[in-house]
Amino acid sequence: LQVPLQLIESVECRDIFQLHLTCKDCKVIRCQFSTFEQCQDWLKRLNNAIRPPSKIEDLFSFAYHAWCMEVYASEKEQHGDLCRPGEHVTSRFKNEVERMGFDMNNAWRISNINEKYKLCGSYPQEIIVPAWITDKELESVASFRSWKRIPAVVYRHQSNGAVISRCGQPEVSWWGWRNADDEHLVQSVAKACASDSRSNSNKLMNGNCSRDFSNGGDLSDVEFDSSISNASGAESLAIQPQKLLILDARSYAAAVANRAKGGGCECPVVFMGMANIHSIRKSFQSLRLLCTQMPDPGNWLSALESTKWLQHLSVLLKSALLVVHAVDRDQRPVLVHCSDGWDRTPQIVALAKLLLDPYYRTTEGFQVLVETEWLDFGHKFADRCGHGENSDDLNERCPVFLQWLDCVHQLQRQFPCSFEFNEAFLVKLVQHTYSCLFGTFLCNNAKERGEKHTQERTCSVWSLLRAANKAFKNLLYSSQSESVLYPVCHVRNLMLWSAVYLPCSSPSTPADDTCAPYPVPGSSPEDQPLGRLPKTRSFDNLTTACDSSVPTTNRRSSDPSLNEKWQEHRRSLELSSLSNPGDDPFDGDSLSKQGRAPVGAELSVAAGVAEGQMENILQEATKDDVGLEEHLRGSLETVGKGDEIALDKKRTENLHG
C-alpha cells in the first residue's frame with residue numbers, strides 16, 4: 001500500500017508483531033511483521049516521519065515541486081502552467097464581484113483596509129462593505145469582533161440583491177459591551193441590499209416603471225424587483241430594507257459560555273446548535289472505529305447512529321438551508337458567525353452558496369468557492385489537519401473540511417444531475433487535503449501562505465482536479481438542472497460516505513497479491529493477512545473481472561461471516577463509490593505505467609512521483625473513463641439478475657441511481 005506520510009495520524013504497536021496505522025481520512029491499516037525487532041524498528045521510523053514538521057519546507061509538496069521543475073527543466077514554462085490553478089482562481093475576487101452584479105456605484109464598495117493583512121491576518125486583503133462605511137469605522141468594528149474578523153459580504157443573490165455576510169463573534173462579554181460602529185455596519189448591510197436591489201431594478205427596467213409607497217403601503221409582500229422608483233437623488237423614495245437575519249452556528253448555551261471568555265452574540269439572533277470541533281473530532285473517531293471493525297449487520301445502523309456523524313451532517317445541512325430560505329424566498333440578507341468564524345461559519349456559508357448558485361456546482365466554480373470561503377477567509381488547515389509547523393496540539397485537530405465535503409457528497413446523491421464533477425472528484429480532494437503533495441491546503445491563512453511563497457514553490461491541487469480531466473466529470477450533469485437546491489436534511493435521508501470511510505475503498509490499490517490486505521479466495525483463515533474486513537480479490541479488480549469471461553466470485557463463498565443482505569449492500573456501495581478513476585497516483589501500478597522509478601524509498605515519495613507524471617496520468621484517466629462506464633453497466637446488470645439476494649425498494653433505487 002502506498003500512503004502519503006502526512007495522511008497517517010498515528011502509529012501504534014497493538015501486538016508484538018503488528019502495527020496499526022490510523023489515517024486522517026478514516027482508514028486504519030494493519031501491518032504484520034515477522035519479528036518483534038522489525039515491528040519496533042518500523043514503529044520508530046514511522047513515528048519520526050509523521051510528526052508535524054519543524055519547518056514547512058520539510059513537507060513533501062516543496063520537494064515534489066522542485067523535482068517537477070528539475071525533470072521538466074526544458075519544458076518549465078509549460079509544466080509551470082500545469083502546476084498552477086486557472087485564471088478563474090487567480091482572478092476570483094474581481095470576477096465574482098462582476099458576476100454577482102454588485103452595485104459598486106451606490107450600494108457597495110471594495111475596501112483595502114486589510115492591504116498586506118495589516119488589519120486582520122486571517123482575512124483577504126480586499127473585502128466588500130456598504131459604500132458609506134468608512135475605513136475608520138471598520139477599524140472600530142475590528143476592535144469589537146473576535147480576531148478582528150469584521151462583517152464582510154461574500155455573496156449577492158443576482159435576482160433580489162440579498163447578500164450573505166460572515167464575521168467573528170462580537171466581544172460582548174459579561175459586561176454587555178456595545179459598539180455603535182459595529183451596529184451601524186450591521187444595519188447598513190440591510191440598507192445597502194435595498195439600495196442595490198432598487199438600482200439594479202432601475203437598470204433592468206430602464207427607469208420606466210414606478211410604484212408609490214408613500215401612503216403607507218405594505219412592503220412585506222413586495223419583492224425588491226418591483227420596488228422601483230423613477231425619482232432620483234433626495235427625491236427618491238426610501239425603500240424599507242428587509243430585516244437582517246443574524247445566524248449563530250453555536251447553541252445558546254455555548255454562546256453564553258463564550259461571554260465568560262469575552263465573546264458573546266448579538267440580539268436578536270437565531271442559534272443553530274452546531275457542535276464544536278471537539279465534539280466533531282470525537283464523533284469522527286467513533287465513526288472510524290466503527291468502520292474498521294468487523295460489521296454486525298443486526299446492530300450496524302444503530303452503531304452508526306451512536307457516532308452522531310450523520311446527525312452532525314443533518315444539522316449543518318439544515319443551517320445552510322435556513323440561509324437559503326432567507327436569501328432566496330424571503331429576500332433577507334444574512335449574517336453568519338460562530339465563535340471565531342473559521343470553522344462552522346465557512347461550512348454554512350459555502351454550503352449555502354453551493355445550494356443557491358449553479359455556478360459553484362461547476363468544476364471551476366467549486367474551486368473558486370473553496371478558495372474564497374475556506375482559504376481566503378482563514379480556515380486553519382494546518383492546525384485542523386495537523387501538518388503545520390509544530391502543530392502538535394491534538395485538541396486543535398478536527399475534520400471540519402472533510403465534514404463539509406461529506407455534505408457536498410450528500411447533495412450529489414440527492415441531485416445527481418446538478419454537479420459537473422463526480423464523487424471521485426470529492427474523494428481525491430479529501431485525500432489531498434491531508435497528503436501534502438500539493439500546497440493548496442498548507443498554512444492557516446492566506447497571509448502565511450504568502451510569507452512562505454507556497455503558490456510559487458508548490459503545485460496546486462486544482463492542476464489535477466481541473467475541469468478538463470474527464471475522470472472527474474459527472475456524466476449525468478445538466479446545466480439546465482435546478483437553479484436553487486432544497487435538499488432533504490433528515491438523518492434518514494443521509495448515507496454513509498462509503499468511498500471515504502469504508503475499508504473497501506482504500507486510498508490505494510495493492511500493487512500485487514503479496515501486500516493485499518484482504519484474504520485470497522480459497523485460503524484458510526490462518527493464512528490470511530490481517531485486514532479490517534474480509535474481501536475477495538474479485539472485488540479488487542472489478543474492471544478486469546467484468547472484461548473477462550471469468551465470473552466474479554460471490555462474496556458468500558469466501559466470507560461466511562456476513563449475511564446475504566449485507567454482502568449485496570456492500571457491493572452496491574462499492575459500485576457507487578468510484579473512488580479510483582483512471583490512474584490513481586496512489587496506485588502502485590501507475591508508477592510502472594509511467595516508466596519511471598520513484599525518487600527515493602519513502603511511501604510519500606512514491607506517491608509524489610506517480611502524481612508528478614501529471615500529464616500522462618490525466619491522459620490515462622480519460623482512457624479508463626469509457627471502460628469504467630461499461631464495467632458499471634455490466635455490474636449493475638449482474639446485480640439485477642441475482643435472485644438469491646433480496647433488496648428492499650429503497651436500496652434498489654439507490655443502486656440504480
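Author: In this predicted model, β1 and strand β2, which covers residues 18-23, pair in the antiparallel sense over six bridges. Within that pairing, Val11 stands opposite Leu21 in β2. The two strands belong to an open sheet of three strands, arranged in the order β1-β2-β3 with antiparallel pairing. The edge strands of this sheet are β1 (8-15) and β3 (28-32), each of which pairs on one side only. From one strand to the next, the twist averages 20°.

The loop between β2 and β3 contains Cys26. The phi of Cys26 is near 90°, a positive value in a residue other than glycine. Cys26 counts as buried because its relative accessibility is 0%, the cut-off for that class being under 20%. Helix α1, formed by residues 36-50, lies across β1 and β2 and runs at about 160° to β1.

The wider chain may now be considered. It has 25 helices and 10 strands. The chain comprises 657 residues, of which 54% count as buried. Among the contacts in the chain with a separation of 6 or more, 71% are accounted for by residues 24 or more positions apart.

Lys148 has a positive phi of about 60°, although it is not a glycine. Lys148 is placed in the loop between α6 (135-142) and β6 (152-156). With a relative accessibility of 43%, Lys148 counts as partly exposed, since that class lies between the limits of 20% and 50%. A further backbone feature is the peptide bond from Cys267 to Pro268, which is cis, with omega near 0°. Pro268 is found in the loop between α8 (252-259) and β9 (270-271).

The structure holds 24 aromatic pairs. Tyr123 lies in the loop between β4 (108-111) and β5 (127-130), while Phe377 lies in the loop between α13 (363-376) and α14 (381-385), so the pair ties together parts that are 254 residues apart in sequence. Both Tyr123 and Phe377 are buried. The rings of Phe421 and Phe425 have their centres 4.8 Å apart and their planes at 35°, so this pair is tilted. Phe421 counts as buried, with 0% relative accessibility, and Phe425 is likewise buried, with a relative accessible area of 0%.

Phe421 and Phe425 also belong to one aromatic cluster.

Is Lys380 buried or exposed? Lys380 is buried, because its relative accessible area is 15% and the limit for that class is under 20%. When residues up to four places away in sequence are not counted, Lys380 touches Trp342, Glu396 and Asn444.

Helix α15 (residues 400-414) packs with helix α16 (residues 423-435) at an angle of about 175°, and their axes are 10 Å apart. That angle makes α15 roughly antiparallel to α16, because angles over 145 degrees fall in that class.

Helix α1 lies across β1 and β2, and the loop between β2 and β3 holds Cys26, which is buried at 0% relative accessibility.

Definitions and conventions:
Residues numbered from 1 in each chain as written. Predicted model: local features only at pLDDT ≥ 70, side-chain atom pairs only at ≥ 80, totals over all residues. Heavy atoms only, no water. Pairing = 2+ DSSP bridges. Helix = DSSP H or I, 4+ residues; strand = E, 2+ residues; numbered from the N terminus. Axes fitted to C-alpha atoms, helices over the stretch in contact; angles between N-to-C directions. Contact = heavy atoms within 4.5 Å. Parallel < 35°, antiparallel > 145°, perpendicular 65-115°, else oblique. Phe/Tyr/Trp six-rings, centres within 6.5 Å; stacked < 30°, edge-to-face > 60°. Buried < 20%, exposed > 50% of the residue type's maximum accessible area, 1.4 Å probe, protein only.
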